[in-house]
Amino acid sequence: MAINAPASRPANPRFSSGPCAKIPTFELSKLSDAALGRSHRAAIGKEKLLAAIEETRDLLGIPADYKIGIVPASDTGAVEMAMWSMLGARKATMVAWESFGAGWVTDVVKQLKIDAEVKEAGYGEIVDFTTLDFDTDVVFTWNGTTSGVRLPNGDAIPSDRAGLTICDATSAAFAQDLPWEKLDVTTFSWQKVMGGEAAHGMLILSPRAVERLESYTPAWPLPKIFRLTKGGKLIDGIFRGETINTPSMLAVEDYLVALDWARSTGGLSGLMARADANAKVIWDFCDSHDWIANLAVDPATRSNTSVCVKFTDDRINDGAAFAKAVAKRLEKEGVALDVGAYRDAPAGLRIWCGATVETSDLEALMPWIDWAFETEIAAQG
Ligand SMILES: Cc1ncc(COP(=O)(O)O)c(C=O)c1O
């Protein structure tokens, strides 16, 4: 029996978890001010890079004594740079509850071969931060993009810790409150909540992180694109927009345009409110349908950006094939692009709810999920 398709569709079907939807007002013509064909070291280039740094500080409320750098290789570049430059001075604790966190664990344990305690939780769960030793260096991901599980707050991180906290906040920054005084290294990429481009990473350092960089030299060699110090001193220029190597000025312009939109949308609280309202549409849908549930077990840890859901109906024969078929059907209808669960995550859907997504598009998507689910159930025979 054919199931009637909903009458209306999302105006924008882009629900990818990265690169994420561009800002709602995006047009290529908005980038016409980009300093193209100019040196990034010319006054105009440096001005734009510095503006990207200082506007980030302003919007996210980053303390004045924290350093903010634009570094190569997106969020991965920023995390790797921090781990390779700072870890090894003391014992490390590697914390992971999904795929990206697990990737950082592998790097530290297998590549850097650092003495580390590994604390892991399965998809949907989270590691209990009250059990961690913050006199070690603790590396963790604030929002697990592939499980949709986030740290609700930084309360368990002591202010008087001896170790550093290194936080991959790429799918949290601009959508969730980050307690800067608890974070020594924070990283993110423009391509997530801001809907920017992925070329560059943001590396945010507390004074204690700078102190580590200036007092500790790792035993291993560092490639040029990871080097943050020279002669035992921080290369300060990196944190004024004098990037280590050549950035894309088109990507920088795009980020500046997104920051401008963010300010006009109510700044950080406006962005967080948008993500909250977006995620609530899916949470409410899960609450009102008994065949779908949030992957996050504890409601306090539910992500408001990368919302991950699983199908729980007993009638489903093959969970992985079923979820894939639903995602494919939504994509074929042009109502939701890139919403299949991450390749290593449990079967289901992952729907991005960051600030650049319109709540009305999520509202329009929910009946389509209902439709795709019922259609696939019927198709199983
Ligand atoms: C938590 C987390 N860390 C790191 C990455 C990698 O980011 P990038 O590809 O921008 O380096 C992602 C991408 O989705 C992520 O979600």
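I took a polar contact to be a pair of N or O atoms within 3.5 Å, and with that cut-off I went through the surroundings of the ligand in this predicted model.

**Entry 1**

For Lys 192 I noted a polar side-chain atom at 2.6 Å from an oxygen atom of the ligand, and for Ser 74 an N or O atom of the side chain at 2.5 Å from a ligand oxygen. I then asked how much of the ligand's accessible area the protein covers. On its own the ligand has 390 Å² of accessible area, and the protein covers 86% of it.

**Entry 2: the shell around the ligand**

I listed 13 residues around the ligand, of which Ser 74, Thr 76, Thr 145, Asp 168 and Lys 192 come nearest. Sorted by class, the shell holds seven polar, three charged and three nonpolar residues. Which elements give two or more residues to this shell? I found them to be α2 (74-86) and α3 (99-111), and I noted that α2 gives the most, with three residues.

**Entry 3: α2 against α3**

Two packed helices are described by the angle between their axes and by the distance between those axes, so I looked up both values. The angle at which α2 and α3 pack is about 35°, and their axes are 11 Å apart; the crossing in which α2 passes α3 is right-handed. On the α2 side I recorded Asp 75, Thr 76, Val 79, Glu 80, Met 83 and Trp 84 as making the contact, and on the α3 side Trp 104, Asp 107, Val 108 and Gln 111. By class, this contact of α2 with α3 has five nonpolar, three charged and two polar residues. Thr 76 turns up in both searches, as a residue that comes nearest to the ligand and as part of the contact with α3.

**Entry 4: backbone checks**

A cis peptide bond joins Gly 18 and Pro 19, with omega about -10°, and I located Pro 19 in the segment before α1 (43-60).

Methods:
Residues numbered from 1 in each chain as written. Predicted model: local features only at pLDDT ≥ 70, side-chain atom pairs only at ≥ 80, totals over all residues. Heavy atoms only, no water. Near = heavy atom within 4 Å. Polar contact = N/O pair within 3.5 Å; in protein donor to acceptor, adjacent residues only side chain to side chain. Areas by Shrake-Rupley, 256 points an atom, 1.4 Å probe, with all protein chains shown as cover. Helix = DSSP H or I, 4+ residues; strand = E, 2+ residues; numbered from the N terminus. Nonpolar A, V, L, I, M, F, W, Y, C, P; charged D, E, K, R; others polar. Axes fitted to C-alpha atoms, helices over the stretch in contact; angles between N-to-C directions. Left-handed = near helix turned anticlockwise from the far one by under 90°. Contact = heavy atoms within 4.5 Å.
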